[in-house]
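Please open the model in your viewer and keep the sequence panel beside it. The tour below goes from the whole chain to single residues, and at each stop it tells you what to select.

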Amino acid sequence: WLAHDPRLQREVAVKVMVRGADASAVAEWMQEAHAVSRLAHPNIVPVFEADDGGGELYLVFEYVDGGTLSEWVKRSGAMPARRAVEIMVEVLAAVAEAHGQGIVHRDLKPSNVLMGKDGRARVMDFGIAARVSGGADGRIVGTPGYLSPEAARGEAPSPRMDVFSAGVMLAELT
């Protein structure tokens with residue numbers, strides 16, 4: 001949801017948890033807040049707040065006006081290779097920051113990249129992110145068209161998974 005923060009006089013994006021969610025969904029929800037709160041990078045959408053307002057969990061993020069990379073591609077079609085590489089360099093810089101903090105995104109795709117009106121790519125939605133040291137749990141998570149072979153086999157989270165997804169994205173952009 002788009003909302004207005006009256007204290008700081010700015011627009012923000014609010015993500016609200018479905019009421020009555022089970023404990024595992026709430027845990028994943030809070031995992032996103034924890035994962036993103038540790039990341040400070042110009043190509044990652046920061047979380048400003050995570051709270052329980054009257055029994056309703058919510059996350060408040062920076063609002064990025066410009067739409068998703070997926071929407072950009074649908075509107076404009078394939079882009080010149082140089083521009084596609086520029087965008088992916090920004091996405092990979094964000095992912096490298098996450099990897100440096102031991103976090104694998106696990107759902108990197110064009111609809112999880114916001115494009116600011118300034119043309120800067122901003123990675124969002126760390127909802128199924130995992131710690132590199134988390135070990136394999138056998139779960140297959142992510143969007144099928146962007147899953148690395150390792151992710152499709154349910155292997156332990158690895159930066160390779162995000163690099164694979166970024167390669168698929170680059171191929172789609174051109």
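Start with the whole chain and its contacts, where contact means heavy atoms within 4.5 Å: among contacts between residues at least 6 apart in sequence, 62% join residues at least 24 apart. Before going on, note that this is a predicted model, in which local features need pLDDT of at least 70 and side-chain atom pairs count only at pLDDT 80 or more, while totals for chains, interfaces and linings use all residues. Residues are numbered from 1 along each chain as its sequence is written, and side-chain values use heavy atoms, with hydrogens and water left out.

**The whole chain**

Switch to a cartoon view, and you can look for 5 helices and 8 strands, where helices (H or I, at least four residues) and strands (E, at least two) are DSSP runs numbered from the N terminus. Along its principal axes the C-alpha trace spans about 45 × 40 × 25 Å. Of the 174 residues, 41% are buried, a word that here stands for under 20% relative accessible area, with exposed meaning over 50% and partly exposed in between (1.4 Å probe, protein chains only).

**The nonpolar core**

Which residues have the most contacts inside the largest nonpolar core? Select Leu-69, Ile-87, Val-91, Val-113 and Phe-126, which hold that place in a core of 35 residues; such a core is a set of buried Ala, Val, Leu, Ile, Met, Phe, Trp, Tyr and Cys residues joined through side-chain atoms within 4.5 Å. Among the elements that give two or more residues to this core are helix H1 (23-37), helix H3 (81-100) and helix H5 (159-173), together with strand E4 (56-62). The largest share, 7 residues, comes from H3. Now centre on Ile-87 and, leaving out residues up to four places away in sequence, find Leu-69, Met-79, Met-115, Ala-121 and Leu-173, which Ile-87 touches.

Next select Ala-33 in helix H1, which counts as buried because its relative accessibility is 5%. Beyond its neighbours within four places in sequence, Ala-33 is in contact with Val-47, Ala-50 and Leu-59. If you draw a distance from C-alpha to C-alpha, Ala-33 and Ile-128 are 11 Å apart in space, although 95 residues apart in sequence.

Move on to Val-104 in strand E5 (residues 103-104), which is buried because its relative accessible area is 0%. Show the residues that Val-104 touches, not counting those up to four places away in sequence: they include His-99, Ala-129, Val-132, Pro-157 and Met-161. Val-104 and Trp-29 are 75 residues apart in sequence, and their C-alpha atoms are 16 Å apart in space.

**Two residues with positive phi**

Most residues other than glycine have a negative phi. With that in mind, select Gln-9, in the loop between strand E1 (2-5) and strand E2 (10-16), where phi is positive at about 55 degrees although the residue is not a glycine.

Then select Arg-106, in the loop between E5 and E6, which is not a glycine either and has a positive phi of about 70 degrees. Is each of these two residues buried or exposed? Gln-9 counts as exposed because its relative accessibility is 57%, whereas Arg-106 is buried because its relative accessible area is 14%.
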